[in-house]
Amino acid sequence: MQIIEDGNTAAALGVRLCRPQVIAAYPITPQTPLTEKLSEYVEEGSLAAEYIPVESEHSALAVCIAASSAGSRVFTATSANGLLYMHEQIQWAAGARLPIVMCVVNRAVGAPWNIWNDQQDSISQRDTGWIQIYCADHQQIIDTVIKAYWLAEKVSIPIMVCYDGYILSHTFMPFDLPQQKKVDAFLPPFKPDYALNPDEPANLNTVTLPDVRVDVHGELAHGYMEIRYLLQKDTRLALQEAAQAEKRFAEVFGRGGDPYIEPYLCDDAEYIAVGLGSITYQLRVCVDELRREGIKVGVMGVRYYRPFPDKVIAGALKGKKAVIVFEKAISYGYEGALASDLKSALYEYLAGTGSLPVIQNYIAGIGGREIRTDNLTKALKAATKGRVAQEPVWIGLKL
Amino acid sequence: MNKDYIEIRWHGRGGQGAITAAKIVAGAAFVSGYPGVVMAPTFGTERRGAPVTTSLKIARSKIYDLSPIETPDIVVILDYLLLNEAQVTTGLKPGGIIVLNTPMAFEFYNFKDYKLATADVTAISVEAGLPHGMVNSGIIGALEKAANLLSMESLIKGIKEEFRTREPQKNVLAAQLAFERTVTGG
């Protein structure tokens, strides 16, 4: 059924379809309408979950960690400084291998205080051991939430489903609302291998020594390093499971594509714009404009940022003259994190082949600065004429 | 007006229901052969009574550009006093349509280069039995009369659906009366 709603509602409906058992969240703009919707669903009885109001984001994720450890399917959501306040628990959730799904409604971080969109919040959590998936429209939001639960529970790794604040969260557009029975067919109930049980008290994730040791059962237990190595190994392997999730989803719902990247007019393109989230759809309009001028340009949206689909991305960018990376975040002191990651992937697969593209890094839309499509087109066009600058170029900067 | 891609900017006050009105038009457009509809409210500054805008884009195919409308085909103004507070005609295409809720006569205004449509939606809505200041159903009738975009049938269906628990018949009547009484000119 096609409905017209905002992005937060798309997320809330997706969460409800996944039948979470515990939801804990603290409201923060622009995530607030999402958690309000979920609390309404619980109140009206259309969602049989325990909704636990908390006094902070740190507690929200702590509640999710506890409930997930006890075998519940859980959900939380946040933005910006709320996400930063969770940071300690974010690391914990990944180390504890809990399949938590969290929506990050992307917003600029303070200081100075700003409630508008950029992606500094989730990008700053890149190295926490969570899977990160970025969405470009409402269909992707609702579908990704559903796929995320399947994947998280398959690989025991938490997932952030990221979508741009306001630009997606508060904008209305049509999307297909999946049927409950199809979601139930796609996503079985959560049955963890181990769950806390009051009848058999246990400690989880207590002090774990640098080296392996024999545990109370006489078995050799992992040291900290083994546990952390397995998180890395399994996160890399999650790329394969992501493809499986996409395939199964397409079988049940009849839509889907490449799980990792979303290319548009890339095959014959000499220049490829790359980005995360809604800006990649806006860039399609720029690409159409420049194609009318005869410039062979395409755009590639990166859906999975962690684990990074380096091989697929390098394959898609091989032989291109230039890759133009548009980012709503920056690794202060260097460049956009996605640009660095792309360079790394291209070096790994293309170094010495003579087909390494030039990389141009643009920073745009920081703190909600309006990204005018004509300015975006100009920036993209300029980068097809040759390297604009070695340092990242901030689009629309008024200095 | 190019009827394959239409951009409508709504000017109202926080709490006046411009978003709801735009949402109803978006839904009616979607079921009337416009699979591309995007409605984006003003971001971050919604306060009761403060000037707010909402962008509505309607297209024959999916819309990928979610940036705010720069050059609207139509501006809809839910309160004539906003003419003194906001630049409501900024970017309006030459020959574009201004739909204005005002108690003043049509002849009172002079917008050269634009087509004006006026109705006293505030009074009409009260006549239809709605509380004073509820203008977001009525303004839809005025917009349809001025622009002839969709059909009153599809819009009324949308109004009934949106207001199903809040006086649907009175809201429909407000839209119908506004449609009948909207004054348009060159």
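Start with the lining of the largest cavity: by class, three nonpolar, one polar and three charged residues. This is a predicted model. Select Ile133(A), Thr144(A), Lys147(A), Glu246(A), Pro259(A), Arg303(A) and Tyr304(A) to display that lining. The space they line has a volume of about 50 Å³. In total, three cavities of 30 Å³ or more are found.

Next, go to chain B for the second largest cavity. Select Val25(B), Ile140(B), Leu143(B), Glu144(B), Leu149(B), Leu150(B) and Leu155(B), which line the second largest cavity. Its volume is about 40 Å³. Colour the selection by class: six residues are nonpolar, none is polar and one is charged. Now show helix α3 of chain B, residues 138-147. Helix α3 supplies three residues, the largest share of this lining.

Last stop: Arg13(B). Show strand β1 of chain B, residues 5-13, and find Arg13(B) within strand β1. Is Arg13(B) buried or exposed? Arg13(B) counts as buried because its relative accessibility is 15%, and the cut-off for buried is under 20%.

Then widen the selection. Setting aside neighbours within four places in sequence, Arg13(B) touches Gly49(B), Ala50(B) and Val52(B), among others. Its contacts also include Asp79(B), Leu81(B), Leu82(B) and Glu85(B).

Definitions and conventions:
Residues are numbered from 1 along each chain as its sequence is written. Chains are lettered from A and ligands numbered from 1 in the order in which they are written. This is a predicted model: local features need pLDDT of at least 70, side-chain atom pairs count only at pLDDT 80 or more; totals for chains, interfaces and linings use all residues. Side-chain values use heavy atoms; hydrogens and water are left out. Helices (H or I, at least four residues) and strands (E, at least two) are DSSP runs, numbered from the N terminus. Buried means under 20% relative accessible area, exposed over 50%, partly exposed in between (1.4 Å probe, protein chains only). Contact means heavy atoms within 4.5 Å. On a 1 Å grid over the protein atoms alone, a cavity is a set of points where a 1.4 Å probe fits but cannot get out, and a pocket is an open set with protein on both sides within 12 Å along at least five of seven lines; lining residues have an atom within 4 Å of a point. Grid points are joined across faces, edges and corners, and a volume is the space filled by probe spheres set on the points. Ala, Val, Leu, Ile, Met, Phe, Trp, Tyr, Cys and Pro count as nonpolar, Asp, Glu, Lys and Arg as charged, and the others, Gly among them, as polar.
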